Amino acid sequence: MQEAETPTPTAVVVAGDEEIRVLLRGLLRLHHFRVLGEAEGVADALELVRTTRPSLMVADMTLRPGTAAELFQEVRRLAPGLRSVLVCPENQGGSTTPAADAPDALLKRPFRVRDFAQAIGALSPESPAIT
């Protein structure tokens, strides 16, 4: 009897800065995610989520055009089960109080690869150290 294959997790990357998109795409691929597409702003990101139905969205705080708050509010309506991560500078970020339109994880830059893996759900807190 063959063991059932686990489907490859899928993701989309949303960031206004190309270098950030390249970094996030590379980190997702390192953690065995298939990146279905990238967007710079809210409208393109929503269309990407609508057409590709990813299991994860990783978004940077800086979008062109739009804001992270707008993106997460609309994504929650469009795809309520979509896991989401927001990457932001250390001195910025959302409230620690959960909200209906808040990301599932907040990742402050600079971050370690292990922090990224935990935020996207690739590692459990008990996983061996990766730095």
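Tutor: Two strands pair if DSSP finds at least two bridges between them, and with that idea in hand we can read this model, which is a predicted one.

Student: In which sense do strand E1 and E3 pair, and over how many bridges?

Tutor: Strand E1, covering residues 10–14, pairs with E3 in the parallel sense, and four bridges link the two. Within this pairing, Val14 stands opposite Ala59 of E3.

Student: How many bridges join E3 to strand E4?

Tutor: Five bridges connect E3 with E4, which spans residues 83–89, and these two strands run parallel. One of the contacts to look for is Leu56, whose bridge partner in E4 is Arg83.

Student: Which helix makes a β-α-β unit with E3 and E4, and of what hand is the unit?

Tutor: Helix H3, residues 68–78, is the helical part of the unit, which is right-handed.

Student: Is strand E3 enclosed or open, and why?

Tutor: A residue counts as buried when its relative accessible area is under 20%. In E3, residues 56–60, five of the five residues are buried, so the strand is largely enclosed by the rest of the structure. Both faces are covered, with Leu56, Val58 and Asp60 buried on one side and Met57 and Ala59 buried on the other.

Student: How many aromatic pairs does the count come to?

Tutor: Ring centres must lie within 6.5 Å, and planes under 30 degrees apart count as stacked. By this rule there is one aromatic pair. Its members are Phe111 and Phe116, which are stacked at 5.9 Å centre to centre with 20° between the planes.

Student: Is Phe116 buried or exposed?

Tutor: Phe116 counts as buried, because its relative accessibility is 0%.

Methods: Residues are numbered from 1 along each chain as its sequence is written. This is a predicted model: local features need pLDDT of at least 70, side-chain atom pairs count only at pLDDT 80 or more; totals for chains, interfaces and linings use all residues. Side-chain values use heavy atoms; hydrogens and water are left out. Rings of Phe, Tyr and Trp (its six-membered ring) pair if their centres lie within 6.5 Å; planes under 30 degrees apart count as stacked, over 60 as edge-to-face and the rest as tilted. Buried means under 20% relative accessible area, exposed over 50%, partly exposed in between (1.4 Å probe, protein chains only). A crossover is right-handed if, with the strands pointing away from the viewer, the path from the first strand over the helix to the second runs clockwise.
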